[in-house]
Amino acid sequence: MKKTLLTLAALLGLAANVCAQTWNMVITRADGSTETLKTSEVKNVTFVPEDQNADQVIIKELYNGGCPLDQGTSYFQRDKGFILYNNSKETAVLSNLCVGILDPYNAEGINHWLKDGTLTYEADGYVPAINGIWYFQEPLVIEPYSQVVVSCMGAIDNTPTYSQSVNYANADYYTMYDPESGYSNTSYYPTPSEVIPTSHYLKAINIGQSNAWTLSVTSPAFFIFQTKGTTPQAFAADASNIVYAPGQSQAAYNRCLKVPVEWIIDGMEVYNSGKLEAGQKRFPADVDAGYVVLTNKLGHSLYRNVDKEATEALPENAGKLVTGYTLGVSAGDPSGIDAEASIRKGAHIVYMDNDNSSDDFHERKQFSLRDK
């Protein structure tokens, strides 16, 4: 029997029908369609929670540059990951939550979308997501001031082989893993740790030709969004949503998805510290008006700055905030608050969220998952 998704309205309708001894019911599915079924036909019911407080979810941290090997001068870069965070005191629920990257892959790359200093797509209200998108299988629920960890690749304990890498073998973590999508390169996507439930596997829609999702190791334009009024699969399957950079061939490797700006929940523009002058903006200013700088191959991450005033104003934080933060690269976090040390003491952290990565983020000496 097919799985049936019921909204809260449908659940209330079911209760009313039962009370009235009516043995047929009309259900409302997640996509808004309706169907009449006999109650005896309803099996394997899943209740879909309504979205709430999605705009309070932020990208807390991005780790994409890799780390040094224990010996030699080389490095390991197949352990990328990121952390989402509920930056409020209310529970957040997000359905159809997706992850994307913009064309070009690197900020220092040739940007065919720029004409006379203006992004050609800005006036049309979309951004071009290249290569493919990933999406959560189920609505994501994040408790107040809590985080969700996602491994982009190498969802195992990488530290026995690369001691400065990351241990993703955690039942609470999520991972991008969907070989059937075409992202099947086993050196990027080894079988995830057995402790990670399969319901925590993000699924992918591969619109290009690569066997791995090409998240830049130097300077990605990284973002999260929700499809509205449609599913991620239907959105990507609609040929009218495919676009190519001006002047570029309509080859599979150039395909992009037109993601409406109004769907974007959060985005961050990253520039390469080694090629800073060559960096060019990909996000319009209403998504991200600035950029954060990354020095890759050193195990560094990009971490969101603490909103000092808002964090200190929370009464429950009395005596729990740790100052003297030392893990920032260069200027670090202007607040001086050590967010991770404070969290370990039970504090609730409010992070900056000004839609400007120059103000909102700093380069950190290590991914916070490595903090002891």
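1. A contact here means heavy atoms within 4.5 Å. Of the contacts in the chain with a separation of 6 or more, 76% are between residues 24 or more positions apart. The model is predicted, and the points below should be read with that in mind.

2. Overall make-up. The chain has 25 strands and five helices. Of its 372 residues, 50% are buried.

3. Strand β18. This strand covers residues 201-206, and five of its six residues are buried. Strand β14 pairs with β18 in the antiparallel sense over four bridges; Ile133 has Ile205 of β18 as its bridge partner. Strands β17 and β18 run parallel and are joined by two bridges. Here Thr175 has Tyr201 of β18 as its bridge partner.

4. The open sheet. Three strands, in the order β13-β21-β20, form an open sheet with antiparallel pairing. Its edge strands are β13 (126-130) and β20 (242-243), each of which pairs on one side only. Between β13 and β21 (residues 256-260) there are five bridges, and the two strands run antiparallel. Ile130 stands opposite Cys256 in β21.

5. Aromatic pairs. The count of aromatic pairs comes to 16. One of them joins Trp113 and Tyr121: the ring centres are 5.4 Å apart and the planes are at 70°, so the pair is edge-to-face, the cut-off for that class being over 60 degrees. Trp113 has a relative accessible area of 1% and is therefore buried. Tyr121, with a relative accessible area of 0%, is buried as well. Phe136 and Tyr174 also form an edge-to-face pair, with 5.4 Å centre to centre and 65° between the planes. This pair links distant parts of the chain: Phe136 is in the loop between β14 (132-135) and β15 (140-142), whereas Tyr174 is in strand β17 (residues 174-176), 38 residues apart. Both Phe136 and Tyr174 are buried.

6. Ring cluster and charges over rings. Trp134, Tyr183, Tyr188 and Tyr189 are linked into a cluster by ring pairs. Over the face of Tyr188 lies Arg78, at 4.2 Å from the ring centre. In another case Lys258 lies over the face of Tyr126, at 5.8 Å from the ring centre.

7. Salt bridges around Arg304. The whole structure holds eight salt bridges. In the one between Asp266 and Arg304, the closest N and O atoms are 2.7 Å apart. The two residues come from distant parts of the chain, Asp266 in strand β22 (residues 264-272) and Arg304 in strand β24 (residues 301-304), 38 residues apart. Asp266 and Arg304 are both buried. Arg304 also meets Asp353 in a salt bridge, at 3.8 Å from N to O. Asp353 is in the loop between α4 (339-344) and α5 (357-360), 49 residues apart from Arg304. Asp353 has a relative accessible area of 36%, so it counts as partly exposed; Arg304, at 1%, is buried. Salt bridges link Asp266, Arg304, Asp353 and Asp360 in a network.

8. A further salt bridge. Which residue does Arg364 meet in a salt bridge? The partner is Asp371, with 2.6 Å from N to O. Arg364 is buried, its relative accessible area being 1%. Asp371 has 15% relative accessibility and therefore also counts as buried, since the cut-off is under 20%.

Terms used: Residues are numbered from 1 along each chain as its sequence is written. This is a predicted model: local features need pLDDT of at least 70, side-chain atom pairs count only at pLDDT 80 or more; totals for chains, interfaces and linings use all residues. Side-chain values use heavy atoms; hydrogens and water are left out. Rings of Phe, Tyr and Trp (its six-membered ring) pair if their centres lie within 6.5 Å; planes under 30 degrees apart count as stacked, over 60 as edge-to-face and the rest as tilted. Buried means under 20% relative accessible area, exposed over 50%, partly exposed in between (1.4 Å probe, protein chains only). A charge sits over a ring if NZ of Lys or CZ of Arg is within 6 Å of the ring centre and within 35 degrees of the ring normal. Two strands pair if DSSP finds at least two bridges between them. A salt bridge is a side-chain nitrogen of Lys or Arg within 4 Å of a carboxyl oxygen of Asp or Glu.
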